[in-house]
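Welcome! Take a moment to look over the sequence and the 3D view, and then we will walk through how the chains meet.

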Amino acid sequence: MFLTEDQKLIQNMAREFAEKEVAPIAADIDKNHRFPAETAKKMGELGLLGLTIPEEYEGAGGDTVSYSLAVEELARVCATHSVIISAHVSLGAAPILKFGTDEQKKKYLPDLASGRKLSAFCLTEPGAGTDAASQKSEAVLKGDNYIINGSKVFITNGAYAETFIYFAMTDKSKGLKGISAFIVEKGFPGFSVGQVEDKLGICGSSTTEIILKDCAVPKANLLGKEGEGFKVAMQTLDGGRIGIASQAVGIAQGALEAAITYAKQRVQFGKPISANQGLQWMLADMATRTEAARQLTRHAALAKDTQPRFGLEAAQAKLFAAEAAMWVTTKAVQVHGGIGYTRSYPVERFMRDAKITEIYEGTSEVQRMVIAGNILA
Amino acid sequence: MKKIAVCYKWVLNDADIRVNEKSRELDLEKSKPQINEYDRNGLETGVKLKALFPEAELVGVTCGPDVEPSTKDALSRGPDTVYFLNDAALAEADSTTTSKVLAGIVRHLGNVDVVICSEGSSDVYAQQNGPRLAALLGYPSVSYVSAVSVDGDVLTLDRKLEQGTETVTVKAPVVISVSPDVCDAPIPSVKQILGAKKKPAHALTLADAGLSADAVKPLITVNSVKAPLSSRKAVNLGEDVPEAVAKLVKQLAGEGLL
Amino acid sequence: MRDIWIIAENLPWAGTLAAGAASIGKGAKIVAFVNGDEAEAKAVIAQGAAEAFYLPLPAAAPWEGYAPALAEKAKADKPALILLSTSRRCRDVAAQLAAVLDAPCFSEGKNIVLTESGASVETMLYGGLAVKSSSVSAETVLVTVGAKDFEPLPADASRSGPVGTLPLAAGPVAVVGRKPRAAQTVDLAAAVKVVGVGRGVAEEGDLAIVRDLAEALGAEVGCSRPIAEFFKWMPEECYIGISGQQIKPQLYVAVGISGQAQHYFGIRDAKTIVSINKDKESLMNQNADYFIAADWKAVVPELIKAVRGA
């Protein structure tokens with residue numbers, strides 16, 4: 001895909017930031033499961049946390065392709081940083097921009113777009129993953145407030161976010177049509193952060209439980225109409241999948257580059273292992289799958305900027321990119337051999353980080369459901 | 001202070017330059033042009049100066065054989081506008097020619113109070129443009145500037161020299177050449193990048209700079225550009241760490257270095 | 001044959017330049033300009049100059065203020081070649097003179113040869129990644145020359161020649177203060193052994209391990225540009241490279257240094273270079289005498305043990 005000059009400059013900028021400021025801490029935040037609060041703040045200052053938010057709300061007013069490029073560049077050195085952006089921009093801020101009232105946009109978006117506050121998206125529950133209609137969270141209107149009770153799991157940015165998109169049933173009898181979306185602030189009474197997850201990958205990101213206990217949420221914080229929550233969630237996830245696809249492409253690219261470097265320098269039987277055709281073909285396939293994933297992802301990003309509906313493109317990009325990332329990173333470890341299984345090289349981290357892209361914001365199986373639903377409709 | 005000009009060079013990123021092992025020639029194919037890293041500190045010095053004189057115009061200035069693609073990148077780093085002089089004849093320009101062209105552009109701009117150059121460029125690192133430009137313009141030259149403060153049209157500048165720091169005062173107009181430690185050069189934000197297209201970039205010709213084609217003919221004939229042969233042995237001591245360390249220590253002890 | 005001028009930052013450097021002028025000019029008259037007093041001028045004559053001018057550092061003006069007077073004299077005398085120190089003041093003077101004379105000026109020139117119509121000179125590109133060999137036709141050619149590029153000739157006290165000075169016109173730049181460089185905590189330029197830290201050392205806390213190695217070796221610690229300028233883990237005076245310190249130790253051990261040309265420029269005069277960089281193909285490994293292509297964190301503690309045991 002041909003990139004505009006603006007897009008190239010944003011890509012360069014994200015790469016410079018990733019290499020200068022993120023790469024030096026990537027292994028450390030992974031090893032110590034440390035949230036990179038300082039670089040997260042810098043991402044805000046650089047406009048990466050408000051990339052696609054319009055300027056009137058203190059965003060940068062960039063397009064989705066630029067956003068995809070930035071996420072990819074960060075994931076190329078550290079998937080944790082890319083998911084902080086992706087969860088914040090695509091899942092936290094985007095639904096307010098798309099479904100929020102003017103008051104809600106003015107109140108919440110400037111803090112999110114500038115990165116002064118992080119945001120998170122609370123849909124998954126222990127008993128309601130893909131099956132969103134099984135939500136136990138419940139919102140009951142009492143006077144000017146909804147009283148929400150429930151808990152969510154696996155919430156990215158959970159312990160560091162201050163603004164949450166929270167889904168709860170306002171009418172259990174209506175199933176999916178009984179779900180509503182709310183903007184919940186960290187400071188609301190009854191809000192708390194529960195268990196912090198200890199994960200296989202993206203170890204620097206904060207993944208927590210979010211608990212609302214008799215939490216009073218002002219009526220004005222209903223996002224969209226009552227009963228529209230499922231629509232809000234699904235359309236938000238369509239956008240989110242472009243972020244995750246970009247992340248997967250970046251992880252694959254990082255692993256590919258590491259494998260190429262290693263293959264050229266590792267000497268066995270008197271020659272670099274890259275001189276072996278078996279290994280060359282492996283690298284060729286890794287490069288090709290990565291590039292195919294990249295093109296599908298940029299195509300989906302362009303679709304979001306130019307088409308009213310882009311769910312099919314987003315699902316295809318996310319499915320393909322996630323599976324490519326898993327495959328490429330596994331091969332990258334293989335290229336490294338025994339040392340690749342240790343923390344001396346970043347490829348084992350890339351492999352652990354890749355796995356989540358096949359799971360969150362819709363598993364690969366859900367993507368296939370979405371794709372099938374689209375092509376059979 | 002009304003007008004501040006910052007000169008920058010559009011140079012190849014030397015991190016991506018490879019050497020052909022056999023011919024010792026440089027392989028520039030993978031190297032993309034970028035704003036000379038030293039000049040990024042110069043541009044930020046301009047931004048900081050303009051912050052003190054908000055009504056002043058901050059102008060980026062460059063010249064070379066193919067510098068038009070540099071303008072957005074430069075504008076994202078703070079200038080209000082860029083004046084660039086693109087001319088294929090400048091492909092082999094040395095400091096003699098470049099400083100004449102830059103001086104011509106500064107004269108074309110007119111009434112420039114402070115011209116900011118950086119200490120050098122990452123390709124030739126000749127460190128000549130600032131003082132040359134000053135001499136051609138008849139402006140005072142202050143080089144190796146590590147700190148800038150301003151009171152009206154009087155600049156107080158710290159120069160970092162081998163012997164120590166020399167603090168000087170000088171009245172504008174002046175050409176200053178700044179060292180990288182004068183200030184940090186921040187990475188431009190997405191907003192600054194996207195805002196760059198709203199700012200103008202003006203193309204100039206040699207005639208605008210008051211120069212004839214003859215005036216920029218290269219003085220210098222380049223005979224060859226080759227990577228020097230490394231005289232170092234580059235002995236690989238192996239991947240087995242204890243074994244490699246043992247070999248190294250033996251070797252260094254043998255050379256009397258321990 | 002026309003004269004060769006030398007313009008020097010200090011007396012030792014004047015000796016270097018005089019030796020250079022003698023070997024390049026083969027009999028040309030050498031006219032020296034040296035920062036200092038009459039004694040310095042006389043000493044330069046003893047080292048080979050035929051005539052010498054002393055240019056004392058003015059109290060209230062920069063030394064570069066001599067540039068206009070030098071330019072006037074150069075216009076009149078038309079020297080074939082002007083060699084100057086690569087010091088900061090002399091570089092500034094070189095560029096100003098070159099502009100006034102409309103002359104080519106080569107920075108850090110090597111293998112300087114005078115030709116019928118000008119000179120041929122080698123200069124570095126990309127911080128030493130390549131050498132550019134150029135020829136130029138010009139009435140006067142200027143070249144800045146490093147402090148150790150020529151071996152000074154032995155002083156011959158019997159030599160004599162005219163000694164003078166040049167006027168310093170009141171200039172626009174006023175010096176309001178000078179502060180000598182603070183006593184350095186490290187003197188890398190004089191160190192016999194140096195350990196260099198690069199970005200491969202990913203955490204500031206890990207500097208302690210590198211310092212242990214330096215202590216074991218009896219070495220000073222320096223660093224690459226990003227460590228000092230970007231991460232600010234070490235003071236600026238510790239930065240080794242083209243715009244930082246240029247060192248010439250007996251032993252240089254590079255830890256996690258990629259070996260960009262800019263850095264290599266600062267260490268190229270080291271006698272023995274050891275690199276520890278897990279990227280076998282890294283420029284640093286390939287430009288070292290010995291390298292270990294393994295994780296520095298595995299190598300350095302072993303090396304400390306081995307050095308202490310040696």
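How many residue pairs are in polar contact between chain B and chain A (both at pLDDT 80 or more)? The count is six residue pairs, a polar contact being a pair of N or O atoms within 3.5 Å; within protein, one must be able to donate a hydrogen and the other to accept it, and residues adjacent in sequence count only if both atoms are side-chain atoms. This is a predicted model, where local features need pLDDT of at least 70, side-chain atom pairs count only at pLDDT 80 or more, and totals for chains, interfaces and linings use all residues. Residues are numbered from 1 along each chain as its sequence is written, chains are lettered from A and ligands numbered from 1 in the order in which they are written, and side-chain values use heavy atoms, leaving out hydrogens and water.

**Where chain B meets chain A**
- Here 15 residues of chain B are in contact with 21 residues of chain A (contact means heavy atoms within 4.5 Å).
- About 1500 Å² is buried between the two chains, with carbon and sulfur atoms giving 59%; buried area is the accessible area (1.4 Å probe) that two parts lose on being put together, summed over both.
- On the chain B side, Ile187(B), Val190(B) and Ile193(B) lose the most area to chain A, together 40% of what that side buries.
- There are five salt bridges between chain B and chain A, each a side-chain nitrogen of Lys or Arg within 4 Å of a carboxyl oxygen of Asp or Glu.
- One of them joins Lys198(B) to Glu55(A), whose closest N and O atoms are 3.3 Å apart.

**Where chain C meets chain B**
- This contact involves 83 residues from chain C and 73 residues from chain B.
- Together the two chains bury about 6600 Å², 55% of it on carbon and sulfur atoms.
- Eleven salt bridges are counted between chain C and chain B.
- Among them, Asp102(C) and Lys100(B) meet at 2.9 Å, N to O.

- An open sheet of six strands runs in the order 15(B)-16(C)-15(C)-14(C)-12(C)-13(C), with parallel pairing (strands, E, are DSSP runs of at least two residues, and helices, H or I, of at least four, numbered from the N terminus; two strands pair if DSSP finds at least two bridges between them).
- Strand 15 (235-236) of chain B and strand 13 (220-223) of chain C stand at the edges, each with a single partner strand, so one side of each has no neighbour in the sheet.
- Strand 15 of chain B pairs with strand 16 of chain C over two bridges, and Val235(B) stands opposite Tyr290(C).
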